[in-house]
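Reader: Please take me through the packing of this model.

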Amino acid sequence: MSVASAAVAADLPAPVDQPYAGTLTVVVDLTDAPKKVFRVHETIPVTPGPLTLYYPKWIPGEHAPSGPIQNVAGVVIKANGKQLAWRRDLREMYALNVQVPEGVSQIELSFQFLSPGDGGEFGASASSTPDLVDVEFNQTAFYPAGHYTRQITIQPSVTLPAGWKFGTAMQIASQSGNTTQFKPLTFNNLVDSPLIAGKYFNRVDLDPGAKVPVHLNVVGDGADDVKLSDKQLAAQRAVVQQTAKLFGAHHYEHYDFLLTLSDHTGHFGLEHHQSSDDRLPADFFTDDTMHTLAASLMPHEYVHSWNGKFRRPADLWTPTFMEPMQDDLLWVYEGLTDYWCGVLTARSGLWTPAQYRDSMASIAAQMSYRTGRSWRSLQDTADAAPLTYFGGGGWANWRRGTDFYPEGQLLWLDVDTQIRQLSGGKHSLDDFARAFYGMENGSYVTKTYTFDDVVATLDQVQKYDWAKFLRERLDYTGDNLPEHGIENGGWQLVYTDKPNDIDKAADKIHHGANLAYSLGMSVSAKGEVRDVQWGGPAFEAGLVPDLTIVAVNGKDFSADSLKDAVTAAKSGSAPIELLVKNVNVYSTVKIDYHGGLKYPHLVRAKGKDVIGEITTARK
């Protein structure tokens, strides 16, 4: 069969759970990483005949078919020194078909991964600067079809620019000059073990004296950016301690936070079993406002070692990186993780209890004003995650996006307070954490779960009709917020004309103004309309996302001038008049709103301060 016919021939090989013969190797030369070029050379043991090679497509944690194959170039396959023809599969763009000649036992595959510039999400975002690089190994390796990836062994090595240091969860086999060879591991664990490296590097022990080590590895674009204060270090160490107390077991041989601090890379977090790929702005450690706003990222990714990596929804476990992942339980995988990350951020001292409440107030307000709730359920935001993770901006309140993160926090606060109320304070969601994740101490073999497993464990902690409780909230459509954890926690959501600390920090960092709860819109510091509340005052006046506000009541636009106009309109009857630019067309928009500025806060209500109990550090 020719390569040409193979491109349109039989179905791709079904994977079998049997060892692949031989060990692959991959050499990743990052010498040109400052130029955004990663050079890759792979050797793959083969037998003569048709061969299909896969490039990882569905990347765990990204919840979408997001493998950045568009950045792969210069693919050359050789056998015994001769170049082989290959052809992309016409039905599966992540598969390459090649005919292996007789007498060939190994092929050599070389290519370049062209690291992205601005834009993109996760592994398709910028990942290198002149002083650092982030490598996700799904970017730099093909693998043979027909086997579970846990049955394919590969030995990686990396060559770095002179003087650069690195952090990774992989174990070193040997080092020579600027090249490090790592111990062989399975292909799925290679993809689960990113590497960061850079000129400016710092490594600190987050659990001194522990039998199971946890370290924080930091790279940045400047020497001062990678240094923690004593207070910051103490709080990061407390995260490790409080998480251990929460779950009662660990699921790694060692753990490495991989933190990149740069204004020239993508900003996100991506979970891995024994590490996390965390990328934040350069001033995370040097600016208190930024540190407060982004403090919960690393706790979130750390919790994923338990929730998402060790325990994983059954529909999110796949034998290779080609099968579609089903995201229906992301309200557990991500929503519960987000709940615990907020709680642990408070228990560790990264946030004060007041800052945690401000965060929950902002989330509750944001979700209360989710106009898309009238047509779209929380469950559907999880089901459609492969679409919404990489969807466009604008109309976020009407379309709804990955709301299983923020509303997931409200959902699980509702569960936590319900358990405490039903049990008279004897049980809590902490008991669920130990029951659901606290088994098989030290193991990081994935253990899957279903909706029924979640319900059964909740019922084990506290008898109740949890299936009904959850489904009523997950499937709800309507005008009201279906979760009541804040009220059951002894607090009440109110609005004042002063922003809370979290909202104030967000406006400062994002350079704009969030007026979602008053005018029904948010704008950048340059007047660009970021979002408009469907059916709100700004919407009714004719504003839509992507317009630009040029002037407010006849004067040049600024975020402060817009807020001043909202304040002034409260005591008058005249509408707020905006000069708006739509591409190259100018028009005047009048917003007839007189309710003043509104920002969310939590204030104490009747009953016990359950939220205070939830955020108190465990002894």
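Author: The model is predicted: local features need pLDDT of at least 70 and side-chain atom pairs count only at pLDDT 80 or more, while totals for chains, interfaces and linings use all residues. Residues are numbered from 1 along each chain as its sequence is written, and side-chain values use heavy atoms, with hydrogens and water left out.

Reader: Which residues have the most contacts inside the largest nonpolar core?

Author: A nonpolar core is a set of buried Ala, Val, Leu, Ile, Met, Phe, Trp, Tyr and Cys residues joined through side-chain atoms within 4.5 Å; buried means under 20% relative accessible area, exposed over 50%, partly exposed in between (1.4 Å probe, protein chains only). The largest such core has 90 residues, and those with the most contacts inside it are W340 and W412.

Reader: How are the rings of F247 and Y437 arranged, and why?

Author: Rings of Phe, Tyr and Trp (its six-membered ring) pair if their centres lie within 6.5 Å; planes under 30 degrees apart count as stacked, over 60 as edge-to-face and the rest as tilted. The whole structure has 47 aromatic pairs. The ring centres of F247 and Y437 are 5.5 Å apart and the planes stand at 80°, so the pair is edge-to-face.

Reader: Is F247 buried or exposed, and what is its relative accessible area?

Author: Y437 is buried, with a relative accessible area of 0%. F247 is buried too, and its relative accessible area is 0%.

Reader: Does W534 count as buried, partly exposed or exposed?

Author: The ring centres of W395 and W534 lie 5.2 Å apart with planes at 70°, so this pair is edge-to-face. W395 has a relative accessible area of 21% and is partly exposed. At 34% relative accessibility, W534 is partly exposed.
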